[in-house]
Each structure stands twice: as C-alpha cells, then as structure tokens.
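These are my notebook entries on a structure that I looked up. I began with strand pairing and then turned to aromatic rings.

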Amino acid sequence: MAWALKLPLADEVIESGLVQDFDASLSGIGQELGAGAYSMSDVLALPIFKQEESNLPPESDNKILPFQYVLCAATSPAVKLHDETLTYLNQGQSYEIRMLDNRKIGELPEINGKMVKSIIRVVFHDRRLQYTEHQQLEGWRWNRPGDRILDLDIPMSVGVVDPRANPTQLNTVEFLWDPSKRTSVFIQVHCISTEFTMRKHGGEKGVPFRIQIDTFKENEAGEYTEHLHSASCQVKVFKPKGADRKQKTDREKMEKRAPQEKEKYQPSYETTILTECSPWPEITYVNNSPSPGFNSTHNSFPVNEGNGSPNHQPEPVVQLADNLLPTATPQEAQQWLHRNRFSPFCRLFTNFSGADLLKLTREDVIQICGPADGIRLFNALKGRVVRPRLTIYVCQESQQAREQHQKHENGDGSSNTFFVYHAIYLEELTAVELTEKLAQLFSISPRQISQIFKQGPTGIHVLVSDEMIQNFQDEMCFVLDTMKAETNDGYHIILK
C-alpha cells in the first residue's frame with residue numbers, strides 16, 4: 001500500500017521535471033532567435049533568394065510597362081503554377097519577337113517620332129554559369145570557329161533599322177526601331193543547351209538560357225545610353241526538331257496526370273511574353289563607338305597610327321607560334337590543347353605531358369582522334385608552318401638614296417652598299433591585301449594609300465591589279481617610291 005502511495009508522487013516529480021525542461025528549451029529558442037543572432041536581411045541576401053528576386057519586377061504586377069516583347073513560341077505545359085515559364089526552341093530556326101509599344105497617352109513623349117535601340121542577348125539562366133560566362137563563351141568559340149550564338153534573320157524582320165552584330169559579342173545583336181511602327185525581329189540561336197553541361201554521357205539535361213532585351217533611348221549627345229525597359233524569358237535550345245519532340249512529350253505526360261495534379265501546372269500558351277527584369281549589367285557595351293555592320297565581312301588591317309618616319313618600323317602583327325614544349329606539364333599541355341581547338345580530346349590526353357604528346361606518331365594521333373582532327377593535331381604538335389602563297393621583298397627608295405649619299409660623302413665609291421629589305425607575305429594575292437601590308441610597313445592607314453603602280457618599260461606607271469599580283473614571281477625584289485596624290489592627302493606608291 002505504501003508503494004502504491006509513492007507512485008503518484010513519482011509521477012508528479014517526473015512531470016514537473018519535463019515541464020521545466022520544456023520551458024528551458026523554449027527559452028533557449030527565444031534566445032537563439034533574438035535580434036543579435038539572425039538578421040532577416042542576411043537571410044534574404046542568400047543566392048537562392050537573390051535568384052528568385054532578380055526575376056521579379058521591382059514594382060507591382062499591375063504596373064503598365066512602356067514596351068512589351070512577345071516571343072512567338074509556345075511555353076511548356078510541364079511548368080508549375082508559380083514557376084517562371086519555359087520555352088523550347090530549335091537550333092538555327094528563326095523565331096519572331098514582336099516589339100510592341102505599350103505606352104499610355106502622354107507617356108515618354110520624348111521618344112515620339114524617334115528611334116530607340118534594343119539589344120538582344122542570349123545569356124545563362126544558372127548563376128553558376130553566369131559567373132564563368134566569359135570562359136564558357138570562349139570555349140564555345142574555340143569549338144565552333146566562325147559561328148555565332150545569336151543571329152538576326154534580316155530578310156524576315158520588319159521595321160528593323162541598322163542591325164548590328166559585334167564580332168567579339170557572339171551572343172548579342174542590336175538594332176534601332178520606331179515604337180510607332182510595326183516591328184518584328186526574327187532571331188536564330190545556334191548553340192544548344194547540352195553544349196554547356198558539365199558531364200556529357202548522353203541523355204543529360206541541357207542548361208536553360210535567358211533571352212533578354214534591353215531598350216535605350218537617345219540622350220542629348222545622340223548616344224543610346226538612357227535605359228527605358230528590360231525584359232527576359234527562360235528558354236532551352238535543342239537540336240533541329242528536338243524542341244517539337246520535347247513539347248509533345250511534356251504534353252503527353254500532362255495528359256496522363258490526374259485532374260488534381262493538372263491544376264498544379266500552368267497551361268501551355270501559344271506565345272511567350274518576356275517579363276520585366278533588371279537591365280543587363282554590361283552597360284559598357286552600349287556606347288557611342290560604331291560597331292561593325294551586320295553583314296560586313298571586311299576586317300580592317302591593324303596599323304600603328306603615329307610616327308611615319310622611314311626609320312620607325314611598326315611592330316609586326318604576327319601570330320606567335322604556339323608550339324608545345326617537351327617540358328610542358330600535363331596542366332600546360334591541357335591548356336595548349338584548349339588554345340588550339342582540341343578541347344574534345346582533352347579528356348583522352350588528361351595525364352599526357354608535352355613530351356608524351358610529342359612522342360606520338362602520325363598513325364597514333366589519327367587512330368586516337370580520327371583522320372581529320374588527327375592530321376590537324378599532328379601538324380600542330382610538330383609546329384608545321386604553312387608557307388605563304390607569295391613572298392616579295394621591298395626597300396624604301398629614300399633609304400637607299402640616303403645611304404648612297406652618305407657613302408659618297410665619306411669618299412667611299414665602292415658599290416658594295418648594304419640595303420635593308422623587308423619581307424611581305426601575301427595569302428589572298430589581291431591589291432587590297434598588298435595595300436594593307438604596305439600601310440603597315442609605312443605605319444600609316446591603308447586609306448592614305450591612293451594607288452599602287454609598278455614601273456614598266458620606258459618608265460611608265462602600270463596600275464597594280466589582282467591579276468598582276470597573281471603573276472608576280474615568288475621572292476621578287478622591289479624598291480618603293482612614294483608620290484603625293486593630286487586629289488587628296490594620300491600617296492601613290494611605285495614599285496620599281
């Protein structure tokens with residue numbers, strides 16, 4: 001009986017101990033969540049919240065934006081209600097983007113009757129790839145030489161004025177347009193999402209891109225630098241017809257879901273409306289310097305402006321030989337493979353040093369890399385230089401006359417005069433190429449050379465043409481004489 005009376009007492013002790021422990025734990029939680037421990041601004045500054053916040057408009061959704069951009073491609077039905085839309089595109093296919101003027105009456109009157117500039121970019125959606133965008137694009141450039149990530153389809157576009165594509169900005173195009181007129185621009189994306197995945201074993205998911213449009217108005221100096229509006233959307237790019245198959249697969253998956261599950265997903269819309277976002281941070285690209293024309297294929301020859309003295313020779317613009325040395329470490333050998341556009345084979349040669357690669361025979365390299373890339377890699381390893389189609393040697397006549405005069409003043413009448421000639425290497429065998437090479441020699445702009453003549457029989461001056469250069473004998477020697485042009489500030493050059 002005594003034992004039975006002690007049992008409730010023990011229960012009370014245990015219960016009071018539990019209450020005290022529970023109260024202590026609550027007080028501990030209160031202390032941890034005090035003002036000195038956590039800051040909500042610090043939590044919101046985490047990258048995951050920044051990623052979501054950057055896709056939201058800064059003000060309410062009810063705000064009417066001055067412009068609206070509509071991509072004429074259907075959105076995916078396999079996107080949940082509160083997620084951003086996702087659109088599938090085919091590589092190289094032309095897609096219309098409608099540029100719509102959405103201003104209220106009296107809004108932005110300063111652009112009435114004037115052009116605005118829009119810049120379209122294809123950028124990475126993932127923040128991890130955004131940090132390494134430059135390296136990713138450079139790697140793509142090496143693997144796809146001469147290709148662009150983003151192009152404009154000029155013949156199909158309407159209302160587009162002065163379209164431009166900077167050769168150094170593979171993922172960017174720009175153009176002018178009048179908001180008061182119908183404007184539709186057609187774009188082509190040439191990269192696919194799986195080209196930027198980390199591991200490529202087949203079947204991997206491609207990375208998403210963003211198509212972003214930034215629009216600017218003209219300032220008082222005539223430069224399009226005043227930001228008006230920016231909007232973007234999320235896309236994935238597939239090989240030709242791959243986007244259609246993916247869209248069909250998503251639609252079939254959604255049809256198999258239960259009605260309650262379907263309510264959690266967005267419907268597929270026929271077009272994609274770009275949502276407002278922050279302007280792209282590389283505002284330095286929007287400047288007053290003229291970018292090359294969209295269809296321009298002419299590359300101006302780099303020359304040194306400045307001292308035009310015959311004794312001042314410009315620095316030769318020659319690509320230094322990037323030969324692989326036997327002392328190169330495996331890491332340096334990997335870098336050499338990247339620089340010389342052999343990135344697909346880097347994994348095969350992971351542990352190869354410079355000496356290991358140089359020991360490979362022609363047959364070894366062809367067996368490893370295949371015939372085309374194998375021959376190219378073997379030639380690069382052996383440092384074989386392609387011989388120019390034509391080599392000529394030139395010497396300035398003023399230099400010859402000055403040295404000859406100095407000989408006479410010194411009383412040296414011997415004919416063993418030492419003259420310095422310069423080698424000029426021609427590949428295209430055109431008068432334009434010869435003009436550029438001579439301009440480099442004289443440290444002047446090619447525009448300052450009006451005509452090039454060759455002295456013929458009885459001292460006549462024959463205009464140098466492409467056909468004449470193609471009939472030059474290899475390693476011919478010429479003495480250059482200059483003559484002031486009559487019509488402008490340029491010069492005529494005579495080959496003697």
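**Entry 1: strand pairing.** I looked up how strand 9 (residues 209-218) and strand 10 are joined, and I found 10 bridges between them, in the antiparallel sense. I noted that strands are DSSP runs (E, at least two residues; helices are H or I, at least four residues), numbered from the N terminus. Two strands pair if DSSP finds at least two bridges between them. Ile211 has Cys233 in strand 10 as its bridge partner. Five residues lie between strand 9 and strand 10, which form a hairpin, and Gly222 in the turn has a positive phi of about 80°.

I then recorded the source of the model. It is a predicted model, in which local features need pLDDT of at least 70 and side-chain atom pairs count only at pLDDT 80 or more, while totals for chains, interfaces and linings use all residues. Residues are numbered from 1 along each chain as its sequence is written, and side-chain values use heavy atoms, with hydrogens and water left out.

**Entry 2: other partners of strand 10.** I found that strand 2 (residues 86-90) pairs with strand 10 in the parallel sense over five bridges. Asn90 stands opposite Phe238 in strand 10. Strand 12 (residues 275-276) runs antiparallel to strand 10, and two bridges join them. Here the bridge partner of Ser232 is Thr275 in strand 12.

**Entry 3: burial of strand 10.** Why is strand 10 largely enclosed by the rest of the structure? I noted that 11 of its 15 residues (224-238) are buried, so strand 10 is largely enclosed. Buried means under 20% relative accessible area, exposed over 50%, and partly exposed in between (1.4 Å probe, protein chains only).

**Entry 4: aromatic pairs.** I searched the whole structure and found eight aromatic pairs. Rings of Phe, Tyr and Trp (its six-membered ring) pair if their centres lie within 6.5 Å; planes under 30 degrees apart count as stacked, over 60 as edge-to-face and the rest as tilted. Phe67 and Trp177 have ring centres 5.5 Å apart and planes at 65°, so this pair is edge-to-face. The pair links distant parts of the chain, with Phe67 in strand 1 (residues 67-71) and Trp177 in strand 7 (residues 172-177), 110 residues apart. Both Phe67 and Trp177 are buried.

I also looked up Phe349 and Phe352, whose ring centres are 5.2 Å apart with planes at 85°, so they too are edge-to-face. Phe349 is buried, with a relative accessible area of 2%, whereas Phe352 is partly exposed, at 26%. Ring pairs also link Phe124, Phe196 and Phe209 into a cluster.
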